[in-house]
Amino acid sequence: MKAVTPWVLVTVLSVYLSSFSAAGDLPERAGNLLAELADEQNSVGMAVAVVRDGEVDLIRTYGRLSADTDRLVNEDTVFRIASLSKGMTASVVAQLVGEEKVALTAHARDFAPEIQLETSGATEALTLEHLLSHRTGLPPYAYDNLLEAGIPPLDIRHRYAEVSSICPVGTCYSYQNVLFDAVTPLIEQVEERALASSLEARLFSPLNMTRTSLGTDGLKKDDNWARPHRRRKRGPWHVVGVKQAYYNVPAAGGVNSSIRDMARWLRAQMGYEQAVLSQDELALIHAPRVKTLAELRRTRRSMRKLESAHYGLGWRIYRFAGESVVSHFGGVDGGYLAQLSFMPEHDVGIVLLTNSPSKAFMKVLPTFLEEELKL
């Protein structure tokens, strides 16, 4: 009899200890990838959910909360979802637009007067729609380094007057975090409450997302949260501290959630919670608004059948093997990765969370899409 290697034992044990809440299963190649990732050399903790035809077809969890504990990830374990937060913020804005409380043409100067761009004309031209679709004209990730150095976003935004634009406002795509978060004061002014309260009242509570929150306190409100990890090359995973910087731009990257809650969020984005997010509101945020050529080139490395890439409001819109894909990625350097994608015409979507970022994790989504399309 052939000896069973430690790698196989760990993999089998990890899969066996996974949590299931639905009867479905992953396509073979995507399932095999996740089983391989379940090996402790490749990840610490992960969670995946699939929604199909409006139902949560599968929830599965793998691994541990931390490399230094035996506690397993479960359906309620909280992860950071980083830039997946942008889709939530955009959804609240879409609700406010539907209620005629705000307009996408609202000038940024009226709700975030601290924003100063290179010229007065550029500052004057900047609108809410430009912020949500990353069409500010600034270089990509402008002054994220200052955010990571601990400088408050309010102090950063007036410094953009020192930055040379790469294109006129509204004419090209360039991903931002600090400026995306400038929609926070607008929401708070209109709603007369904090952003966290608006997200809770408008999205989290009606969708029964009881494990979803903003900020460090929300992440750590009890002990069932996935600790962030790093490793050097193929060395062991080790726990690192929770980084605060992107919690300081909550509209852009401040949300925490569990895989159970993210499955509910995915259903809502797929149109199955019309009382919370109407078809018109979803159409508003999912409509392609600007080509993302750099994203197209980068993403084609893993998604070979990718034909086009655009950005809507808080969401990416791809054309993949002739099919529409609504998607977003979130990541915090040193600690977390999150992905959510769905194919509207095929009525299927997937969300993935991990506390141990790796290149192998990034292969699961394209493999899932290819198998669903039988490529």
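Student: How do the axes of helix α3 (residues 85-98) and helix α9 (residues 183-191) cross, and within what distance do they come?

Tutor: The model is predicted, and the protein averages a pLDDT of 92, with 94% of the residues scoring at least 70. The exception to keep in mind is residues 1-21, where pLDDT stays under 50; for that stretch the model has 26 contacts beyond four places in sequence.

Now to the helix pair. The axes of α3 and α9 come within 11 Å and cross at roughly 40°. An angle counts as roughly parallel under 35 degrees and as roughly perpendicular from 65 to 115, so α3 and α9 are oblique to each other. The crossing in which α3 passes α9 is left-handed. On the α3 side, the residues that meet the other helix are Thr89, Val92, Val93 and Leu96. Their counterparts in α9 are Val183, Ile187, Val190 and Glu191.

Next, the sheet. An open sheet is formed by eight strands with antiparallel pairing, in the order β2-β1-β13-β12-β11-β10-β9-β8. At its edges stand β2 (55-63) and β8 (290-291); each has a single partner strand, so one side of each has no neighbour in the sheet. Within the sheet, strand β9 (residues 306-311) runs antiparallel to strand β10 (residues 316-320), and five bridges join the two.

Helix α13 (residues 259-269) lies across β1 (45-52), β2, β12 (336-343) and β13 (348-354), and runs at about 150° to β13. α13 is mostly covered, with nine of its eleven residues buried. Among the buried residues are Ile259, Met262, Trp265 and Leu266, and also Asp261 and Arg267. After α13 comes glycine 271, which has a positive phi, near 95°.

Glycine 121 is in helix α5 (residues 120-125). The relative accessible area of glycine 121 is 45%, so this residue is partly exposed. Glycine 121 and proline 168 are 47 residues apart along the chain, and their C-alpha atoms are separated by 9.6 Å.

To return to your request: the part to hold on to is the pair α3 and α9, with axes crossing at roughly 40° and a left-handed crossing.

Methods: Residues are numbered from 1 along each chain as its sequence is written. This is a predicted model: local features need pLDDT of at least 70, side-chain atom pairs count only at pLDDT 80 or more; totals for chains, interfaces and linings use all residues. Side-chain values use heavy atoms; hydrogens and water are left out. Helices (H or I, at least four residues) and strands (E, at least two) are DSSP runs, numbered from the N terminus. Buried means under 20% relative accessible area, exposed over 50%, partly exposed in between (1.4 Å probe, protein chains only). Two strands pair if DSSP finds at least two bridges between them. Contact means heavy atoms within 4.5 Å. Axes are lines fitted to C-alpha atoms, for helices over the stretch in contact, and angles run from 0 to 180 degrees between N-to-C directions. pLDDT is the predictor's confidence in each residue, from 0 to 100. Angles under 35 degrees count as roughly parallel, over 145 as roughly antiparallel, 65 to 115 as roughly perpendicular and the rest as oblique. A crossing is left-handed if the near helix is turned anticlockwise from the far one by less than a right angle, and right-handed if clockwise.
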